[in-house]
Amino acid sequence: MTTSMVINLICNPLPLVPVKEVCFSRTCALFPLLTLKFLTHSEDLIMPQKQISRSLWLWALLLVVVMVAACSQPAAPIPAAPAPAAPQATQAAAEETPVPEEEVVAIAVTPTPVGELQGQIVVSFQSNDIQTWDALCAAYEALHPGVDCVVELKPPDGYQEWVRTQFAGGIPKASLMNGNVVADLINAKKFLDLSAYLDKESPYTGGAWREDFDAGALSNMRDPLTGETFTLNLETVQVLWFYNKQAFADAGILEEAQAVAQTPRNQPTWDQFLGWCDALTDAGYIPVALEGDFRSFWELRFGWMARMYADQFTRDEADLVRCQEGDWCFREGIDDQWVYDSSDPHNDNATKITFNPVRRIIALRDGEQTVNGAKWRAMYENFKAFADRCTPAGWIGTTDAYPLFLTQKAAIRLDGAWLLANFEKDVRSLAEGTYSYTAAESGAPTPTPSTDDLAANVFDIGSFNNPTMEGDQVNAEARTIEVNIGFWSVPKKDQQQNDLEVDFLMFATSPEGFGAYLQNRLDPNNPHGGISGPPAVKNVDLPGDLAERFNNLKLIGNTEKSTAGTYRARGVGDYQPTVREWVDLAQQYFTDKITLDEFLEQYQASLERNFDGILEHMRLTPEDLEDPTKKPANF
Amino acid sequence: MTQMKKKLSVHMTQILSHSGSQLRRMGAGISLVVAILLFASLIVRAQSASWQHSAGDVIYGVAISGDASIQVVGSRNNRVMALDAAGDLLWEFQPRGTVWGVAISADGARIAVASEDRRVYLLDAAGSLVWEYRGTHIFLDVAMSRDGSFVAAIAEDRNVHALDGATGELLWRFAMPNMADTVAVYGAQNARVLAGTRDSQIHLINTDGSELWRVQLSRAVRGVASVGSGARVVAGLESGEVVLFHGGNTQTIWSVTLPSRVNAIDISADGSTVLAGTQNGSLYLLDGSNGAILQSQNVNSPIDAVALSTDGRYFLLGTRSGEARFMDVESAATEFASRQRLQTSLQIGIPTVVLLLLLGFILWLRFSASGHYFWEVKAARPRRLGRQVWRSRVSYMFLAPTITLLLIFNYYPALSGLFHAFTVWRPGVETRWVGFQQFIHVWENQYFWVGIKNTLILVLAGYIKTFTMPLLVAELIFHIRNRWLQYSMRSLFTIPLVVPAIVGILVWVNIYDPNIGLLNRSLEALGLQQWTRVWLGNEQTALGSIIAIGFPWVSPFAFLIFYGGLISIPQELIDATKVDGASTWMRFWKLDLPLLMSQIKLLLILGFIGSIQEFQLIFLTTGGGPGNVTYTPALELYYQAVRFNNFGLASAIGAVLFIVILAGTALYMRYVTSAVEYEA
C-alpha cells in the first residue's frame, strides 16, 4: 500500500478520490518518513527524551496538516453532492408524465377499499370495574374479530404518576386513559383532539358522531378557546349535600330542610347550614362526614368546596380578565354582547363570554387578582366555622369518611349525584364486608365487618344544594359543580391506530355500546359498578326510578368551567407545587397551627414564588404577558 | 560496555519517568487535531450565509418571489417586512395582529398576509395596501397563485376562504372537517387549493370550491406545498415524516422521516428540491426525486417558516427566535459538504490516529530498550493480573452476565441520576444543563428540610427499635434449654420475613383507621373513647403512629442477625463466665454485647441507610401529611419526580441523599469498633 493510498483512506474513504499532488509532495511525504524513523529505530537510534516529546508533537501537528490539507476542499463552490438516502425513506415507483407548469395535473384518484379493522385496543382507565369493560371489549371484538381489545385498568392511587410514566417512555401503549389527571399533558397536545371526529359518520349509528351526544354536554367538553375536545365526558354529575332524614328529624331540623327543598334552588344559607350542624351535634351526630387528606383537598370534597365557594367571591372579576375587543380570543357577536349579571347563574358560560388566560396571569402578576384580600378572608372565616362546627375533630387526614354516613354516625355527606345510584349498594357492601371506597377512591375491602357495619341499613336520604354564603364580599349566590365527567382520552399516536381507538369510542357511545356499559355499571352484582349521573349519550335510558331521582335535582349553575377567578382557589389550576403548598397551609390553618392572616399571606407568597412555574404550566412565556391581545406563542 | 549500560539505564529511567507525560501529550495532540478541524469548519460556515435579519419576534411566515429579488417575512410583533436580495429592508407593513402567514406572487408584485386581526391583506410590490378581507376568525395561513390572481386563506373557523386576487372578493368558502394549519395553492387561472389538517389529511379543493380528493396520512399535517402544476405534492407531518406524492393520483412516491417534527415545508417549482424546517431547528434540503437528504443545517431555534425560490436556487427561513435567514442553495451546499467531510474525517481520522498510536506503542515495546524495560518491569503486575484473569476465564465468563446487569440496572441509573442532578430534566421533553441550580432548589425546599428533621427522628427511633426488642428476644431464645422449643421459637420469629413489608404496613393502616380500626375500637371497648384519635391524620400523633408501626418491633432480620451472633460465641467463653460466677446480666454486658459488635455495626449501617431512604412506609400511611409533618427526603424525591414531573430536582435530592449515606457509612466504618477480641 502506497503512502498516497493510506492518505486517501484516511481522508476519502468513500469514494476513493486521489489526493492532490501538492499535498503529497510537500507535506504528506514527511509523514511516512517520520513515522518510519520513529517506529523502526534501533537502540542506537534512541532519541533523548525532549526529542521524543518534540517528535510526538511534530507527529501530531503533521497529522493535523495532513488532515486539513488533504481533506479540505477548495474555496470554490461545488454542486450539492448527492448523499445516501435517509435510512427510513421509502420509495414507490410512479409514472412520469411531465405536466407543463401552465397547466394543472389531471386528477385520477382510485378509491381505496376499506378493510376490516385490525389492531389492539388497550383500556387503561383509573377504575376497578373490569366487568363493564370486559363486556364492552367482548361486544366490540364480536363485531371486529381482527381487533384485540385488552382491559388493563389501573387503581386511582398513583394513576397520575402512571400516566406520566407512560408518556415519559414515548408513545403510550394504552388506547384509553383518563386525561383529566394530567392537564399539562393535555395542554401539550399529547392527547388526540376528538373534535376532528365529531362530524364523521359513526358506523354504529349511521349519523355524524356528534349526533350521539347531548349538545350541551358536547359543548362542555369543548375547549372554549381552541374548540378542541380532548376528553369524552358521558355522565352528568352534580355536587350536592345529602342528609339522613332521621338524623335531621332527631335534631329537629327536618322540617326546615324540607322547606328549603321547596324553594327554586333548594339552597340554605351558610349560617342556616352551620345552625343545622350545631343541632346535629347536640343530637349526638357528627354533622358532616368529610375527608381531609391531601386528595380531598386537591381533587375531592374539600377541593370542590374551595373551588365552588371561590366562585361566589370572584364573579365580579370577569371584566378584568375577559377577552376584550382586539384580543385574539374576542368573539364578535358574543363577547361584545356580554353584560355582567350576577343574578344569572349562566352569565359566564362559554357561550356568552370568553376569558383570556393571558389577562388572568397578568392580573395575578400585577396583584389585581390576589388570594389574600378581604374576599378570601371572608370565605376562609366561613370555612373555619364549618371546620369547627360541622366536622369531627381530626377530620384533617381522614381518608375515607363515607362509612360514617353509611352507618348513620354522620348526618350529612357532600357528594356527587352518583350517591343516588350507589347508595343502597354501598350500604349493602359495607354490611357484607365488601365495601370499598368506590365513589372516588379505591381501598382495601373491609376484612371483617364490624358490628356497626353489619347493622348498616338503607335509610331515607334527602339533599340540598350548596349553602350560599352571604356578606359584603359575596358577588352572587353559590353555584355548584354541574358537569359531565368520565374524562375518556386517547393518547395521540399514528392516525391509523387513533382511528381504530376512536372507532371503539364510537361503538362505546352508540346506544348498543353505552347500553351494555350502563347495564354492567348498574348490575347490582358488580362490586365496582355505579354511575355518576344521567348519561350524556342519546337514545340510552336509565331505569325509571333512577331517572326520576336524577330528574328531581335542581340545577343552580356550574362553577367547573373557565371562570373569572376560581383558577386560584386551591393552588393555581392543577400546578402541583402550588396545590401542595395550599393544602399544607390550609391544613395548618384549620388545625390552628397558623392564623388566617399567616395562611393567606403565605399562600399569596407561594403564588408569587411559583409564578414562573405557573406561567410555564399554563404554556405561557414572559413575552406573552407583554401583549395580552396576542395569541400566546405556545397555544 | 558497563559504562554504556549505566548510561543507557539512566537514560531509560529518564525516559520512563516521562512516559506518562508523553502519552498525555499525545492525547493533547489528538485534541488539537479535533480543535483545529472544528475551527476550520467554523470559518467555512461563517462565510456561507447570504444574509440574516432579526424580526424581533417569532417568525410565522416567509415568502420568496420567483427570482428571489424580494423576500417577505411576517412575524408575531405585527410586522410584515419586505427585503431585497441583499437583505436590505424595502418596506414594512403593520397589520393589527400577529402575522400568521405570508405569500407572494411569482413576479413579486403582490403579497398576501394572514393576520390574527381576522384579516387577509393584499399588498403591492411597494407595500401599499391593495385590499383587505375581513373574516370572523383568526387567519392561520395564506397562499397565492403564481400570478397573484387567486388567494386562499384558512381561518380558525375551519373554513378555507378563496379570494379574488384583484379585488379581495370572496369567491367561495370550503368547510374543512377539521382544523387546518397549512394551505398551498398551485396553478394560476385554474388555481387549486391544498389544505393540511390536524387529523392527518390533505384536501385538494378545485377552482370552483369542490373537493377533488383527500389523502389520509399518518400524523397531523404541519406543512404542505406543491410544484407549479400540482403534479407533486409534499407534506411535512408532526411525526417528522415528509411525504411526497403524486398530485393527480395521490400515490406516494417517497417518504422520509426526519428526527423532529416538521413545522414548515416547500418544494421548488420543478419538484427537484424539497425544503423542510423542523421543531429542533434543523433545516433539510431533500432530493425531490427520492427524498435523499442533500444537506442539512441547524439554526438552534425551531424553524416555523420556510420558502424556496421558484428555481430552487435560494431559500428563506424564519425561526422561533425571530431570525430570518436567506441563503443560496449552492453556498449552503458548500457548507454542508464541508461539514460532511469534517464529520467523515473525524469518524475515520480519530480511530486511525488511535490505531497508529497503538501500533507505535506496540513497536516501541517490541523494539526499543525503554520499551523492553517498561514491558518487563512496569508492566509486570498488569501482565500477571491478566494471566490470572485468563486462567480463571470460565469463572469470569459466568460472572459477566451478573456484572453486566448490575452495570445496566444499578450503576447506569445511579450515574444517570448524578448527571441529571445538574439538569432540568423532563424525560422525553427536555434535558437542559443548569449547573448547581437544582441543588440550590433543594436547599430552599422546605419539605426537604422538614424531611431531614423527620429522618433524624426515624433514624433514632429505628435504632431504639432495632437494638432493644430483637436483641432481647434473641437473648431469650438463646437461653432456652429445650432444643425443640428453642428451634420452634426461632422459626416463629423468623417466619414473618416472608411476608412482604407492604402487607404489614397496610394491616397497620387498617389498625389505625379512625372508624373501623382495631385501635380505636379497642379503646372504645375499654371505655377510653377520649383516647381515640385519627392516628395518622392528626399532626400530633402521625409521626409517632408511623414509628409505632410493627409493635412490638421484633424485626425478624435484626433478630436473626443477633441470634446468629450469639450462637457464634465460643462455648469456652460462656463456660468461663460460668466458672467465674458471672450473673446473666454481667455476661450480657461483659461478653455478649462486646462480641456482638460486628452485628451491631452492620445493623447500625443498614438501619441508617434504610431510614435515610425511607419512602414506602410514609407513602403508604400518610403521604407526608397531614400538612407536611411526616415528610421525608425520599418522599419529596418521589413527589418531585412523579407528581411534579421535575426529575432534575428529584435527581439532585437523590444525589444529596447519596452523599449523606456515603458520609454516614464512612463514619460508622471508621469509628464503630467491629469486635472485641478476648485473650484466654
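1. Disulfides, overall. This is a predicted model. Over all chains, the structure holds 3 disulfides. They are taken in turn below.

2. A:C137 and A:C149. These two cysteines form a disulfide, with their sulfur atoms 1.9 Å apart. The torsion about the S-S bond is about -40 degrees, so this disulfide is left-handed. A:C137 lies in helix α5 of chain A (residues 130-143) and A:C149 in strand β3 of chain A (residues 147-151), so the bond ties together parts 12 residues apart in sequence. A:C137 counts as buried at 2% relative accessibility. A:C149 is also buried, at 8%.

3. A:C277 and A:C390. A disulfide joins this pair, S to S 2.0 Å. Its S-S torsion is about 100 degrees, so the disulfide is right-handed. The link runs between distant parts of the chain: A:C277 sits in helix α12 (residues 270-282) of chain A, A:C390 in helix α17 (residues 374-390) of chain A, and they are 113 residues apart. Relative accessible area is 0% for A:C277, which is buried. A:C390 is buried at 0% as well.

4. A:C323 and A:C329. Here too a disulfide is found, with an S to S distance of 2.0 Å. The torsion about its S-S bond is about -105 degrees, so it is left-handed. A:C323 has a relative accessible area of 0% and is buried. A:C329 is buried at 6%.

5. Side chains of opposite charge can pair when their charged atoms come close. A search of the whole structure finds 50 salt bridges over all chains.

6. A:D592 and A:K384. Their side chains meet in a salt bridge, 3.0 Å from N to O. This pair links distant parts of the chain, 208 residues apart: A:D592 is in the loop between α24 (576-590) and α25 (596-609) of chain A, and A:K384 is in helix α17 of chain A.

7. B:E238 and A:K492. The closest N and O atoms of this salt bridge are 3.1 Å apart. B:E238 is buried at 17% relative accessible area. A:K492 is buried at 19%; the cut-off for buried is under 20%.

8. B:R198 and B:D181. This salt bridge has its closest N and O atoms 2.9 Å apart. B:R198 lies in the loop between β15 (192-197) and β16 (201-205) of chain B, and B:D181 in strand β14 (residues 180-186) of chain B, so the pair ties together parts 17 residues apart in sequence. B:R198 counts as partly exposed at 30% relative accessibility. B:D181 is partly exposed at 21%. Both residues belong to a network of salt bridges that also links A:K189 and A:E228.

9. A positive patch on chain B. Which residues gather in a patch of positive charge on the surface? They are B:R381, B:R384, B:R387 and B:R391. B:R387 lies in helix α5 (residues 380-391) of chain B. B:R387 is partly exposed, with a relative accessible area of 43%.

Note on methods: Residues numbered from 1 in each chain as written. Chains lettered and ligands numbered in written order. Predicted model: local features only at pLDDT ≥ 70, side-chain atom pairs only at ≥ 80, totals over all residues. Heavy atoms only, no water. Patch = residues over 30% accessible without salt bridge, like charges linked within 9 Å, V, L, I, M, F, W, Y side chains within 5 Å. Areas by Shrake-Rupley, 256 points an atom, 1.4 Å probe, with all protein chains shown as cover. Salt bridge = Lys/Arg side-chain N within 4 Å of Asp/Glu carboxyl O. Lys, Arg positive; Asp, Glu negative; His and termini not counted. Charge placed at Lys NZ, Arg CZ, Asp CG, Glu CD. Helix = DSSP H or I, 4+ residues; strand = E, 2+ residues; numbered from the N terminus. Buried < 20%, exposed > 50% of the residue type's maximum accessible area, 1.4 Å probe, protein only. Disulfide = S-S within 2.5 Å.
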